[in-house]
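Subject: Structure handover

Hello,

Here is the structure for your files. My notes follow below it.

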Amino acid sequence: MAKSIKNTKEKPSLNIQTLQNDAQCWHKIKIFLFDLRNFDKRTDSKAFLDLVTDRSDIAAPYFTSSEIKTLKAFVPDGGESTLEQLILSALETKLERRKKKQVESCDYRVCASHDLAPVFEKAFSIRPKELAKDKKFVKALTKDGLVLR
């Protein structure tokens, strides 16, 4: 039986393997990444992402409050910053670049697919092409829609 990250009492040494061992949370992570990459192609992906209100994007409806706390505190392998710190830093960097480039168009938005997805994919060691080629995963999404267990 897979150990759930939300049932861990002591401060675990949380790593990718620990996240992957929590099948439910890992499935949600994969759906979240799929949505970031496909929000412009799938109305259900866009609808879910539009419900996210947290600046770090680690939020409901994708994750429970316990998972959110754990994921925000997660330090990706080999790093010193938490996932939340990495995301907020990436957002600030992207926004500053956009401000410089987009002055004429006044479009300062950060793109989920191009700006955010790579940061999460690197943190979770998930390659976007591998996720897209996961026939079982994509088939389940196509058949059942974006079901967060």
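Leaving aside neighbours within four places in sequence, with which residues is Phe120 in contact? Taking contact as heavy atoms within 4.5 Å, Phe120 is in contact with Phe32, Leu33, Leu36, Ser56, Asp57, Ile58, Leu83 and Ile87.

This is a predicted model, in which local features need pLDDT of at least 70, side-chain atom pairs count only at pLDDT 80 or more, and totals for chains, interfaces and linings use all residues. Residues are numbered from 1 along each chain as its sequence is written, and side-chain values use heavy atoms, with hydrogens and water left out.

Confidence. The mean pLDDT (the predictor's confidence in each residue, from 0 to 100) is 82, and 80% of residues reach 70 or more. Over residues 7-12 pLDDT stays under 50, and the model has 1 contact beyond four places in sequence for them. Where pLDDT is low, the predicted coordinates should not be read in detail.

Overall. The protein has 8 helices and 0 strands (DSSP runs numbered from the N terminus: H or I of at least four residues for helices, E of at least two for strands). Of its 149 residues, 39% are buried, meaning under 20% relative accessible area with a 1.4 Å probe, protein chains only. Among contacts between residues at least 6 apart in sequence, 60% join residues at least 24 apart.

Core. A nonpolar core is a set of buried Ala, Val, Leu, Ile, Met, Phe, Trp, Tyr and Cys residues joined through side-chain atoms within 4.5 Å. The largest one has 32 residues, and Ile29, Phe120 and Phe124 have the most contacts inside it. Two or more residues come from each of α1 (16-21), α2, α4, α5, α6 (112-123) and α8. Helix α2 gives the most, with 8 residues. Of the 16 residues in α2, 13 are buried. At 1.5 Å a residue, α2 (residues 23-38) should span 22 Å, which agrees with the 22 Å between its end C-alpha atoms; the expected span is 1.5 Å times one less than the number of residues.

Thr82. This residue is in the loop between α4 and α5 (83-101). Thr82 has a relative accessible area of 18%, so it counts as buried. Not counting residues up to four places away in sequence, Thr82 touches Lys72, Ala73, Phe74 and Val75. Its side chain reaches the backbone oxygen of Lys72 at 3.4 Å.

Regards

Technical notes
Buried < 20%, exposed > 50% of the residue type's maximum accessible area, 1.4 Å probe, protein only. Polar contact = N/O pair within 3.5 Å; in protein donor to acceptor, adjacent residues only side chain to side chain.
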